[in-house]
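Please keep the sequence and the structure in view while reading.

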Amino acid sequence: MAGGNSNSSGGGGSSSMAFSSATRLDTKRQAPEDEYGEPEDFLEVQVCNPLTSDVGRNMYTTYEIICRTNIPIFKLKTSSVRRRYSDFEWLRDMLERETARVTIPPLPGKVFTNRFADDVIESRREGLQRFMQIVAGHPLLQTGSKVLIPFMQDRNFDKDMYSA
C-alpha cells in the first residue's frame with residue numbers, strides 16, 4: 001500500500017526517485033584563472049578621448065582608437081593611435097575598394113555647423129566607434145585588408161603608402 005500512496009501524489013515521488021538515482025558526472029574544478037580567463041579570440045575596439053586641436057582656422061578633432069586583442073593577425077596585443085574624421089573617411093573608401101564581398105557600414109555624417117560642440121563631437125565619436133567595431137570585428141576584413149590593422153595600430157600610419 002505504501003507504494004500506492006507514492007503514486008497518488010501526482011507522480012512527484014517517481015520523478016524525484018529518477019533524479020536521485022541518476023549518476024553525477026565527475027567534473028574537475030577549474031582554476032579561477034582558467035574559469036575567468038580571456039576568451040580564445042577576443043577583440044575590443046574603443047574610439048574615445050576626442051581632442052580638438054586649436055590651430056586658428058584649421059581646427060580639427062582627433063579620436064583615440066584603443067585596441068586590445070589576442071587575435072594572432074594583429075601585430076600588437078594592445079595599441080592606441082589618434083585619427084581624424086577624414087582618416088576614417090579614407091579608411092572606409094579603401095575598405096570598399098579592397099573588397100566587394102563585405103558591405104562596409106556608413107560613417108556618421110559630415111557636420112558643417114557647430115562641429116566642435118561637445119554633443120556633436122560625442123555623437124560623432126559614438127558613430128565612429130560603431131563603425132570601427134563592425135569593420136574590425138569582421139573576419140574577412142581582418143585577414144583580407146591591407147589597411148585595417150595598420151590604421152588601428154600603427155602610430156606612424158601614412159595613408160600615402162596605401163593610396164597608390
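The following sections treat the overall fold, the sheet, the nonpolar core and the salt bridges in turn.

## Overall fold

The structure is a predicted model. The protein contains 7 helices and 3 strands. Read from the N terminus, these elements follow the order α-α-α-β-β-β-α-α-α-α. Of the 164 residues in the protein, 33% are buried. The protein exposes about 11400 Å², and carbon and sulfur atoms supply 51% of this area. Among the contacts with a separation of 6 or more, 56% are between residues 24 or more positions apart.

## The sheet

Strands of a sheet pair through backbone hydrogen bonds, in either a parallel or an antiparallel manner.

The pairing can be followed strand by strand. E1 and E2 run antiparallel and are joined by 9 bridges. Val47 has Ile65 in E2 as its bridge partner, and Gln46 has Ile66 in E2 as its bridge partner. E1 and E2 also form a hairpin, with 6 residues between the two strands. In the turn of this hairpin, Gly56 has a positive phi of about 55 degrees.

Why is E2 described as largely enclosed by the rest of the structure? Of the 10 residues of E2, 8 are buried, so the strand is largely enclosed by the rest of the structure.

## The nonpolar core

In soluble globular proteins, nonpolar side chains tend to be buried together. In this protein, the largest nonpolar core has 30 residues. Which of its members touch the most other members? They are Leu91, Leu95, Phe131, Met132, Phe151 and Met152. Five elements each supply at least two residues of this core: strand E1 (43–53), strand E2 (60–69), helix H4 (85–98), helix H5 (118–137) and helix H7 (148–153).

With residues up to four places away in sequence left out, Phe131 touches Phe88, Leu91, Arg92, Leu95, Ile104, Pro105, Pro106 and Leu107.

## Salt bridges

Side chains of opposite charge can pair when their charged atoms come close. A search of the whole structure finds 6 salt bridges. The table lists some of them.

| Salt bridge | N and O atoms apart |
|---|---|
| Arg68 and Glu44 | 3.4 Å |
| Asp87 and Lys159 | 3.1 Å |
| Glu89 and Lys110 | 3.8 Å |

Arg68 lies in strand E2 and Glu44 in strand E1, so the pair ties together parts that are 24 residues apart in sequence. Arg68 is partly exposed, with a relative accessible area of 32%, and Glu44 is also partly exposed, at 39% relative accessibility.

Asp87 and Lys159 form another salt bridge. Because Asp87 lies in helix H4 and Lys159 in the segment after H7, this pair ties together parts that are 72 residues apart in sequence. Is Asp87 buried or exposed? Asp87 is buried, since its relative accessible area is 14%, which is under the limit of 20%. Lys159 counts as partly exposed, at 27% relative accessibility.

Glu89 forms a salt bridge with Lys110. Glu89 lies in helix H4 and Lys110 in the loop between H4 and H5, so the pair ties together parts that are 21 residues apart in sequence. Glu89 is partly exposed, with a relative accessible area of 29%, and Lys110 counts as partly exposed at 47% relative accessibility.

How values were computed. Residues numbered from 1 in each chain as written. Predicted model: local features only at pLDDT ≥ 70, side-chain atom pairs only at ≥ 80, totals over all residues. Heavy atoms only, no water. Helix = DSSP H or I, 4+ residues; strand = E, 2+ residues; numbered from the N terminus. Buried < 20%, exposed > 50% of the residue type's maximum accessible area, 1.4 Å probe, protein only. Contact = heavy atoms within 4.5 Å. Areas by Shrake-Rupley, 256 points an atom, 1.4 Å probe, with all protein chains shown as cover. Core = buried A, V, L, I, M, F, W, Y, C linked by side-chain atoms within 4.5 Å. Pairing = 2+ DSSP bridges. Salt bridge = Lys/Arg side-chain N within 4 Å of Asp/Glu carboxyl O.
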